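Student: I have a structure to study. Can we go through it with questions?

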Amino acid sequence: MTTNTSNSEHTYDVVVVGGGAAGVGVGVALKHAGIENFVVLDRHMIGSSFALWPNETRFITPSFPTNSIGMLDINSVAIGFSPAYNLEVEHPTGQQYASHLCSVADFFDLPVQEEIDVKQVREHDGLFHLETNTGTIKALHVIWAAGEFQYPRMNGFAGNEHCQHTATVPGYKSLEGDDFIIIGGYESGVDAAYHLAHRGKRVRLFDKSGPWEDESSDPSVALSTYSLERMRTPGFMEQVELFPHTAIESVKYTAGVYEVTAKNGDVFQTHTQPLWAGGFEGGHKLVADLFEKRGDGFPLLNENDESTMVPGLFLCGPAVRHDNHVFCFIYKYRQRFAVVAKAIATYLGLPAEYLETYRNWGMYLDDLSCCGEECVC
Ligand SMILES: Cc1cc2nc3c(=O)[nH]c(=O)nc-3n(C[C@H](O)[C@H](O)[C@H](O)COP(=O)(O)OP(=O)(O)OC[C@H]3O[C@@H](n4cnc5c(N)ncnc54)[C@H](O)[C@@H]3O)c2cc1C
């Protein structure tokens, strides 16, 4: 991993914004495409979103060292690398996975600059100008890979500010209180409920639908098997009361009491600050003006995950959407790294032959029409 600090006069072929799983993975693909004049920028450090997960939170997707027979570990971002082999754990913690990403960046000697916070991206005359905390950086192409975790959704109902977003919880062990209300029952909400229940806390878990009841085979919609298994562990149902199909309308805080009102009129009280597991707005909001919007608010992309409005600007990571395909897990969005790297290599006149290898590893999904919802999502 190299650090270069003289940016002002240089024009990069590619700047990758974000050094998470997407930024590191696509950075490796750029190297495999033969692109050398690029840099990966991160406002903190490689893997910092993972490092910020609550201490107890683990991957729901299991890692297994399947590489020896040509199958990539489900949590791998680079061919030949297995977090299972590297870390010797099946469900890594965020800290463990962050260290894995650092190993990958080191091994491939990715050109990384840390503590560079990109505030704004502008394009004129075919050149991108990235305004950062340390000055302007210029590039011919930009890959936006800033993730979601550091951009939590802080709205959804009146009084949201009285709740603590699960993305800001350092660990469930250190949370004070005995009587928790959790709003949002998808992965993060169930994860919080699980750790609190195992500490003997009372938990009431609300969701506007009921992910633990959903029959979809898509883990972007229904709860993962890991979480369903956790819900069946001894003690969980004794401590956790489930409220499916109970949308919350407001949270009020008066004289030490949090009052949570559901849309159906039911009122719940607690002295413990409610937890909000309401998902993320996503870092793409910083570059929203450079993308057309889909009907669901996500950036509209062409077949190379490039902005339809500003050629040369690409999106990588969990915010990628095509039709009804949601690429929100690593094993999904990594399939687009080679597509993006190939498109940029082609713009630069490079053959990018090695990228064909990605296909053999199931890491090169360039024909979205051949894929039904079941296999992508
Ligand atoms: C609790 C939890 C559990 C999860 N479990 C799984 C799982 O089991 N399996 C799975 O596949 N996925 C899982 N996910 C989803 C997975 O974490 C995300 O898909 C993944 O982190 C996205 O990677 P990323 O590189 O896009 O974003 P991030 O990992 O967030 O990386 C983005 C990077 O960009 C940097 N950055 C952000 N903004 C800027 C800026 N303006 N300028 C410069 N740098 C910037 C950040 O510092 C960060 O390092 C989970 C998510 C959560 C929250």
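Student: How many nonpolar, polar and charged residues does the shell around the ligand have?

Tutor: This is a predicted model, where local features need pLDDT of at least 70, side-chain atom pairs count only at pLDDT 80 or more, and totals for chains, interfaces and linings use all residues. Residues are numbered from 1 along each chain as its sequence is written. Ala, Val, Leu, Ile, Met, Phe, Trp, Tyr, Cys and Pro count as nonpolar, Asp, Glu, Lys and Arg as charged, and the others, Gly among them, as polar. The shell has 17 nonpolar, 14 polar and four charged residues.

Student: Which residues are the closest to the ligand?

Tutor: A residue is near if its C-beta atom, placed from the backbone, lies within 6 Å. The ligand is surrounded by 35 residues, and the closest are Gly18, Gly20, Ser49, Gly147 and Gly317.

Student: Why is H1 largely enclosed by the rest of the structure?

Tutor: Helices are DSSP runs (H or I, at least four residues), numbered from the N terminus. A buried residue has 20 or more other C-beta atoms within 10 Å of its own, with C-beta atoms placed from the backbone. H1 is largely enclosed because, of its twelve residues, the number buried is eleven.

Student: How many residues has the largest nonpolar core?

Tutor: Such a core joins buried Ala, Val, Leu, Ile, Met, Phe, Trp, Tyr and Cys residues through C-beta atoms within 7 Å. Val15, Val26, Ile143, Trp144, Cys316 and Ala341 have the most contacts inside the largest one, whose residues number 73.

Definitions and conventions. Helix = DSSP H or I, 4+ residues; strand = E, 2+ residues; numbered from the N terminus.
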